[in-house]
Structures are given as structure tokens and as C-alpha cells.
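Hello,

Here is the structure you asked to look at. My notes follow below it.

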Amino acid sequence: MVAEVVVIVDPVSTGGCVAAEAMDRGYRVVVVWCSEMTAEMRAHVPDRCRNLEYHAEVVERGTITNTAAAVRAAAGGMPIIACIVGADTGITLADHLSMELKVRTNGTLPLGDRRNKSVQQRAVKAFGLRAVREVVGKTWGEVVGFVDQEPLPIVVKPVESAGSDGVKLCRTTEEAEAHLRLLMHSQRRCGSQDAAVLCQEFLKGSEYVVDHVSRDGIHKCVMVWLYDKRPANGSAFVYHSVIPVDSNTAVAKTLIKYTQGVLNALKLYNGPSHGEVIMTSDGPCLVEMNCRCHGWDGAWIPLAKKLTGGYAQPEVALDAYVDGSAFAEVPSVYLSPFKALGQLVVLVSFYSGVVKSTPGYDRMLKLTSFVALHTAVEIGSKVERTVDLFTAVGVLILANSDPEKIEVDLMEVRKMEREGLFTFQEEEEEVVVSPTHSEPVPVWKWEPVIAVHIKSMVKRTVQNQLCTLVVAACGAGAPIVLRLIKVSLSILCAVVFLHAGLDDKSALSFSRRPWDSIFAGMRRHLHI
């Protein structure tokens, strides 16, 4: 039997899982890297995909014709049966290349590039579906009229990005202008530089993702997820959890119907898709349609298989291109009720530094609902405070037949995050966790940046002065006095934070941590 070739364009993140699935089935995989894909981005693959040996790798040429010729040469006479996109960067190339290779294709969209979020919104609006109010531009002058008329806050983001990269909720006109200028002069992580910037209405409501796989216009919903995004570390949209939604609920049915309309509006008739939708007071509204598999490095795949009883999006995506019979056997909508209970927990770091040890990870392995932990953080890694998907410090999968046990474990994980998941090689400046509500956070509620600057200015002075006073006054009784002072100051701060409107647990946690660090430094100074 003659071997067959499957072409994967930019197999990073979950795209790497699609490539691995094709190789597991015996296909020869030829990888095509688009011109935007840097060496650093190519290395962004799940652990199981790090040592894959592809049949060949081709870098995008100056024209589609030349790129297709290079792919055919790499195939060496073997039949090419599919061209599948692996990541956002490869969407445009895959659309054109699949046409040139004369395999199953979505073709090109008459309105413009499918990857462009503004093009998506215009196509959806033209199709008669709810679309977001927006304007796109490269200069402040091109968008200022819209910003002046749109109720604040507004969302400002690149036309091409992923994982909340570059997305900012701007509460003032000045903030919107500053962020637009920043985006137009910054290299975005998905390879898009100086493309354009979107200013959009702020959609109020819960955000969902609706995952499909399509073949010849037949759309099969493989999962609906609820995104739990909250403010943290000064960013308004930080992922915390991804929660599966029962397909038999009213919200799931509404979302699936709307999203399939979006797929038709974008003429996205073949392959995997990952639609992000806000359920507003007047119904669902598209945030963006990602014309590839659900990302997160495929960390969710084990959970999806538990929920559905055996299948997940990457393998169904391959079926859509190479095995019509297998695709036909997949349910049009995933089954209800789920075969298991669980969720993805996105790990948030409220601290930064070079990792010395990972006590938080060690504790997670012992949770009763533990299934898997996916992280690139190891000893020696540089961790930043989490502000988007790229700075998250891992994804934890929890599953259990008892929902109460999942909830207990989830609360324990959030406690670990507040206390710190890591120890660092050098003492690092703490940040006070932002309250988890979405309204503007006043300065008097200790915004993270304010807290960092205040602490860095006064910390050493407080330590030195208290040490001097306590030793002079108490001599050998200094350790006991230090503890009494610490408790008193913590209680005082807790009262202040409660007055500011925080809940009991947050007030207690926020008031305790700055003094923990200061008194730790004093104990070292006094050798006690």
C-alpha cells in the first residue's frame, strides 16, 4: 500500500497533537512553516510532540505556487490527501495552499482574510447575526470618533492574536489611545506586527467557547466550555478555569445554533474551529472565531475524552479530512449527560522570579481529583506574574465523580496560588491580588502596581527601624514581641481592607502577606 501524505501548516500547540494523531495512523506528515513562525514559536508544542520526526519540513516560499511545489517535492511522489491548519499563524497560508494542492479546502473568504477579527465581524453582521460594534485602524485619528461615542469601557486589541495577547479593557479615552499606540509599535506573540488595532464595545456577559469539526458544511459540536476570566495582577482578562457545559442546557443549545451560523457566515465548511462567544443580555455575540483546534497545548484532551466517553477534537479533525466514515459516526452534538465531571484549572502566579522549587505543584499531585498537570515551569525557569494565557504557569486537570471533592480541591489550588506556588532564588517583591470583581478598582483598594511601589520604598526602612527598637527595648524577649507586633498590624490592615469592601478571606490574606515578608526579613536580621 502506498503511503499517503498529510500536510500540517504550523503544528504548534494543539496543532502538534493533530500531527501526532496523523503519524500514529501511519500517515507521512509534511510540515509547512509560515513566514511569520519564528524558531521560538515553533518550539511551542505539547510534551508528547517534542520529539516527533516529520517526513519533511518546508518553509513558506515567496508565492503559493512555489510553496506548493516545495511541498510536492517533499512528498516525493506520495499522494497528498489533506492540508490542515495547526495554529492561527497558518490559517491564511492553509486556505491558499489547500486550494493549490487541490485537496479538501475552505477556499478564501470574499470579504478578506478569515483570520482577521474585523473581517469576521463584518461577515457575521452581513449574515444577519449579532456582531460586535467596532472600528479598526492603525492611527488614533482613525478610531477616535468611535471611541468618543462608545460607552466606556471599551476593548482595544490586535486584529490578529490569541490567548488574550494584547487585549486590554480601557476605562478612559486616554488609556485607549495609549494602548493603541503600544500595539502599533509592539511585536505581538502570534507573529502579527503593525497589522491594525480593533476598538470594540465591551460585551457584558459570560464568555463561552464552542468547539466544532466540519466536513463539507456538516458541523459537529464536540464541546462547549465556559471561560472563567477575572481581573488579576492589573489585567482585566486573566484565565482561571475552563468549565465544560452540558449540551442539553438551554445556553448550550443557543450557543451551538449561533456558532454554526457563524461558521456558515465565514464559509468555514471544513476542519476544526474554536469560537469564542459572549452570552449577552440580548443573546450570543461573537468575540472571535479561531479557525483551528482549541489551543492550550491540548491539555484539555484527556478531560474531553473522559467527558465524551472516548473522543476529542484533534482526532475528529483528522477524520474530517481523511476518513469520512469515521466522521459520520461522531454525534452531531456531544452526548448528555457527561460521562465524567471535571474542569481545567489555569494556574495563576501572583509572584515573579527565578524558580527555586515548586511546592505548589507537589501538593497538586496529591489532590483527590488530580488527573494531570501540564506546565513548562521547572527549576530555573523565570516566572512572570500572570496577566494572560502566555504568562499562566500551567494547566491542572481535575476530574471526580463527586462534584464536592472537585470544589474542595479547586479551593485548595486557589489558596496555593495566593500563598505562592513557587519559592524563588532571590526574594521578590510581592503584589497584592486584585479583587475579583469587574468594576473599576480605585487606588485606595491597593492596586497591584501601587502596592509594589509602596512596599519597595518602605520595606527595608520598616525592617531596620523595628529591629532597632525591639532589640533596644526587649533584648532577649525580641522574638515574642515581634510576633505580637505582627499580629496587631495584620489585624489593623484586615480592618482597613474590610472597610474597603473586600470579602473576609481576601482581606485576611491581603493584610497578612506584606507583614509575612517584612517580619521574615527581620527574623533573618536578628538571627531568630
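Lys267 comes after helix α8 and has a positive phi, near 55°. This is a predicted model, in which local features need pLDDT of at least 70, side-chain atom pairs count only at pLDDT 80 or more, and totals for chains, interfaces and linings use all residues. Residues are numbered from 1 along each chain as its sequence is written, and side-chain values use heavy atoms, with hydrogens and water left out.

Helix α8 covers residues 250-265. Helices (H or I, at least four residues) and strands (E, at least two) are DSSP runs, numbered from the N terminus. From first C-alpha to last, the 16 residues of α8 reach 23 Å, close to the 22 Å expected at 1.5 Å a residue; the expected span is 1.5 Å times one less than the number of residues.

Among the buried residues of α8 are Leu255, Tyr258 and Val262. Buried means under 20% relative accessible area, exposed over 50%, and partly exposed in between (1.4 Å probe, protein chains only). The buried residues of α8 pack against α5 (117-126), β9, β10, β12 and β13 (283-290), where contact means heavy atoms within 4.5 Å.

Strand β9 (residues 206-215) is mostly covered, with nine of its ten residues buried. Two strands pair if DSSP finds at least two bridges between them. β9 runs antiparallel to β12 (residues 271-280), joined by nine bridges, and Ser214 has Gly271 in β12 as its bridge partner. Nine bridges also join β9 to the antiparallel strand β10 (residues 218-232), where Lys220 stands opposite Val213. β9 and β10 form a hairpin with two residues between them, and Asp216 in the turn has a positive phi of about 55°.

Regards
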